[in-house]
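Open your viewer and get ready to select residues. We will go stop by stop.

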Amino acid sequence: MAEGGHYDIVILGGGSGGYACALRAAEFGKRVALIEKDKVGGTCLHRGCIPTKALLHAAEVADSSRESAKFGVRAAFEGIDMPAVLSYQQGVVDRLWKGLQSTLAGRKIDTISGDGRLTSPTSVTVNGAVYTGDHVVLATGSVPRSLPGLTLDGVRVISSDDALRLDRVPSSAIILGGGVIGVEFASVWRSFGADVTIVEMESQLLPLEDEASAKVLQRVFRRRGIGSELGTPFQSVSYTDSGVQVSLGNGKQLQAEVLLVAVGRGPVSADLGYEENGVTITRGFVDVDPLCRTAVPTISAVGDLVNTPQLAHVGFAEGILVAERLGGLDVKPIDYDGVPRITYSDPEVASVGLTGVQAEARGYNIVEVNYPLGGNGKSVILQTQGQAKVIAEAPSAAGGQPGRVLGIHLVGSRVGELIAEAQLIFNWDAEPDDVAALIHPHPTQSEIIGEAHLALAGKPLHFHA
Ligand SMILES: Cc1cc2nc3c(=O)[nH]c(=O)nc-3n(C[C@H](O)[C@H](O)[C@H](O)COP(=O)(O)OP(=O)(O)OC[C@H]3O[C@@H](n4cnc5c(N)ncnc54)[C@H](O)[C@@H]3O)c2cc1C
């Protein structure tokens, strides 16, 4: 391991944003130091995307075995062996972690273990060793947040980090926060047999998603027996003999074995020397311009530390953008509307572009189509329900064709995989007629994208309004 020294780029934090920056910078021949106090891969690999998706896959297997008779297959669901689920989950994480470490080493990136602190606009100090760089990239990420006065004890009142370590399925859970993380845990625990209630202050689950998608999700969750208290603030929690009692603003009292607090994640920016060295911060987030430059010319910042969508692929994109800028390329700002978003619950919710409300708020006249999955052969085979909603600019003249596609919103099993096509449509400014001309393979769920655009272009195939 290196003991201090000079590099082209010193990166503080080895999560999605930091390591993507390191990997791309190395391709420009830059000498890179990547400083990480825990494990490279960060939240996404060790406490986020990957372990939760492994749990969700185990949940899907549980549901398949429980519902196998529906498909004429004799199998019995006998229960969840949580230590075995955790061991499968850890196996996935470890394999990817090993691969990442060897990719970093293969690109000759010096990974330095330890707690780093920015000690000047061009240096980070770790355990007394000083790593100087022509440029420093801050990528210290985020950690679970709570509400004022609500203390996480890690046992009964827990964060997503604690939930991922639970070696048992709770008999019942209250989930505070109906965003992506809350909805994904609700889906897993319900499939594993728990009684689950989600408490959300906004009037819909997944408040950032289109209302139409949220309504379908809420309907399917209700059918799955997942309770929800929407438009209701949390008031307080107290301990009971067997768990917790939660009081809500609507006067209801809920009881459960655990309370999972999933009210968002806060940036890791305090006490790291950022402000002392001229980096400006707003509500904990490092301020950056559209090219991820901070107020200090030698310092950039990426990932959950800055106030952009908290997604691993956004961290990757920002890390790559910074590496390419420092590598001398003419980089363009990221269009955050064009970033695909997926909630991997059952059913999945996936989207790209604007919601109907956002499109209208930006002054667009819109037209939209809701294509139900009930009209799609592969979805019927999978026995999933949901829809594809496509929003486009209304035709400028009567009888004309709709303009640019402004948003695509999908709900149903496995629709997350379809969002890759949807993002091409949005990001390449396609119009419904462009997409209508493309042949979608039958029978696939991708046909819902083709069918919705055919309908918008005025030539519906299986769609009837
Ligand atoms: C439960 C959960 C599920 C998620 N699922 C998804 C998903 O499915 N898809 C998706 O796109 N996103 C998902 N996310 C979000 C995703 O994990 C984050 O957006 C992503 O990890 C952010 O990357 P980052 O590099 O900015 O920060 P992080 O991944 O948090 O990495 C920051 C790194 O910096 C290190 N660090 C911090 N301070 C110091 C210091 N002083 N010295 C040295 N090292 C330091 C930390 O140890 C950490 O490894 C999920 C998050 C959670 C919590």
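How many aromatic pairs does the structure hold? There are 4. Keep in mind that this is a predicted model.

**Stop 1: a pair of tyrosines.** Select Y7 and Y131. Their ring centres are 6.4 Å apart and their planes meet at 35°, so this pair is tilted. Y7 belongs to strand β1 (residues 5-12) and Y131 to strand β6 (residues 129-138), so the pair ties together parts 124 residues apart in sequence. Are these two buried or exposed? Both Y7 and Y131 are buried.

**Stop 2: another aromatic pair.** Now select Y371 and F463. Here the centres lie 5.9 Å apart with the planes at 35°, so this pair is tilted. Y371 is in strand β22 (residues 366-372), while F463 is in the segment after α13 (447-456), so parts 92 residues apart in sequence are tied together. Y371 and F463 are both buried.

**Stop 3: the largest nonpolar core.** Nonpolar side chains tend to be buried together in soluble globular proteins. Select L55, F185, W189, F192, F221 and L260. These have the most contacts inside the largest nonpolar core, which has 34 residues. Elements giving two or more residues to this core include α3 (49-66), α4 (82-106) and β15 (258-261). The largest share, 5 residues, comes from α6.

Zoom in on L55. Among the residues L55 touches are M82, V85, L164, F185 and F192.

**Stop 4: a second core.** Select V352, Y371, A430 and V435. They are part of a separate core of 26 residues.

**Stop 5: charges over rings.** Select K39 and W97. K39 lies over the face of W97, 5.2 Å from the ring centre. Finish with R66 and F77. The charged end of R66 sits over the ring of F77, 4.2 Å from its centre.

Methods:
Residues are numbered from 1 along each chain as its sequence is written. This is a predicted model: local features need pLDDT of at least 70, side-chain atom pairs count only at pLDDT 80 or more; totals for chains, interfaces and linings use all residues. Side-chain values use heavy atoms; hydrogens and water are left out. A nonpolar core is a set of buried Ala, Val, Leu, Ile, Met, Phe, Trp, Tyr and Cys residues joined through side-chain atoms within 4.5 Å. Buried means under 20% relative accessible area, exposed over 50%, partly exposed in between (1.4 Å probe, protein chains only). Helices (H or I, at least four residues) and strands (E, at least two) are DSSP runs, numbered from the N terminus. Contact means heavy atoms within 4.5 Å. Rings of Phe, Tyr and Trp (its six-membered ring) pair if their centres lie within 6.5 Å; planes under 30 degrees apart count as stacked, over 60 as edge-to-face and the rest as tilted. A charge sits over a ring if NZ of Lys or CZ of Arg is within 6 Å of the ring centre and within 35 degrees of the ring normal. Lists of a residue's contacts leave out its neighbours within four places in sequence.
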